[in-house]
Amino acid sequence: MKVWNLDSQQHIKVDHAGKVHFKCSRGNSSKGITLTWRQFFNLHDIMRDLEYFERLKFISLGNQVWFQHYRNEIQIYHSHPSIYFSFRKANWEKYKQSVHRSIMSFIRRELIASLSRYW
């Protein structure tokens with residue numbers, strides 16, 4: 001498992017199965033959302049072409065999970081149950097600039113390592 005901190009309250013963890021956990025902690029409580037590696041790759045594709053999706057408020061990542069870009073707020077949202085992760089503006093910029101790319105590399109390495117065990 002690897003962790004990337006966006007700030008003192010928001011962080012992202014990736015487990016060895018390639019699941020990406022977006023978490024926000026406040027005090028003793030924590031909330032967030034988990035993406036499969038396929039949903040994360042869908043997020044990657046959306047981020048690459050985000051300027052073309054500007055008019056869309058909700059973009060599906062698959063299995064009732066959505067990327068929301070609405071009223072200057074960026075969220076990853078699961079419609080059932082209603083759980084979400086909201087990026088703070090500075091954290092979204094940090095995520096786009098460096099964290100996302102680092103997570104993508106980590107997942108690719110982990111997936112290749114896990115798949116190579118079966119070859």
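Leaving aside its neighbours within four places in sequence, which residues is Gln75 in contact with? Trp66, Phe67, Gln68, Tyr84, Phe85 and Ser86. Keep in mind that this is a predicted model.

Let me stay with Gln75 for a moment. The residue sits in strand β7, which covers residues 73–79. Is Gln75 buried or exposed? Its relative accessible area is 12%, under the 20% cut-off, so Gln75 counts as buried. Its side chain also has a polar partner. That partner is the side chain of Glu73, at 3.2 Å.

Now the aromatics. How many aromatic pairs does a search of the whole structure find? Ten. I'll show two.

Pair one is Phe22 with Phe87. The ring centres are 6.0 Å apart. The planes meet at 75°, so this pair is edge-to-face. Phe22 belongs to strand β3, residues 20–26, and Phe87 to strand β8, residues 82–87. In sequence they are 65 residues apart, so the pair ties together separate parts. Both Phe22 and Phe87 are buried.

Pair two is Phe67 with Trp92. Here the centres lie 5.8 Å apart. The planes are at 40°, so the pair is tilted. Phe67 and Trp92 are both buried.

Next slide: the cluster. Which residues do ring pairs link into a cluster? Phe22, Phe67, Phe85, Phe87, Trp92 and Tyr95. Back to Gln75, then: its contacts include Phe67 and Phe85, and Phe67 and Phe85 are among the cluster members.

Key:
Residues numbered from 1 in each chain as written. Predicted model: local features only at pLDDT ≥ 70, side-chain atom pairs only at ≥ 80, totals over all residues. Heavy atoms only, no water. Helix = DSSP H or I, 4+ residues; strand = E, 2+ residues; numbered from the N terminus. Buried < 20%, exposed > 50% of the residue type's maximum accessible area, 1.4 Å probe, protein only. Polar contact = N/O pair within 3.5 Å; in protein donor to acceptor, adjacent residues only side chain to side chain. Contact = heavy atoms within 4.5 Å. Phe/Tyr/Trp six-rings, centres within 6.5 Å; stacked < 30°, edge-to-face > 60°.
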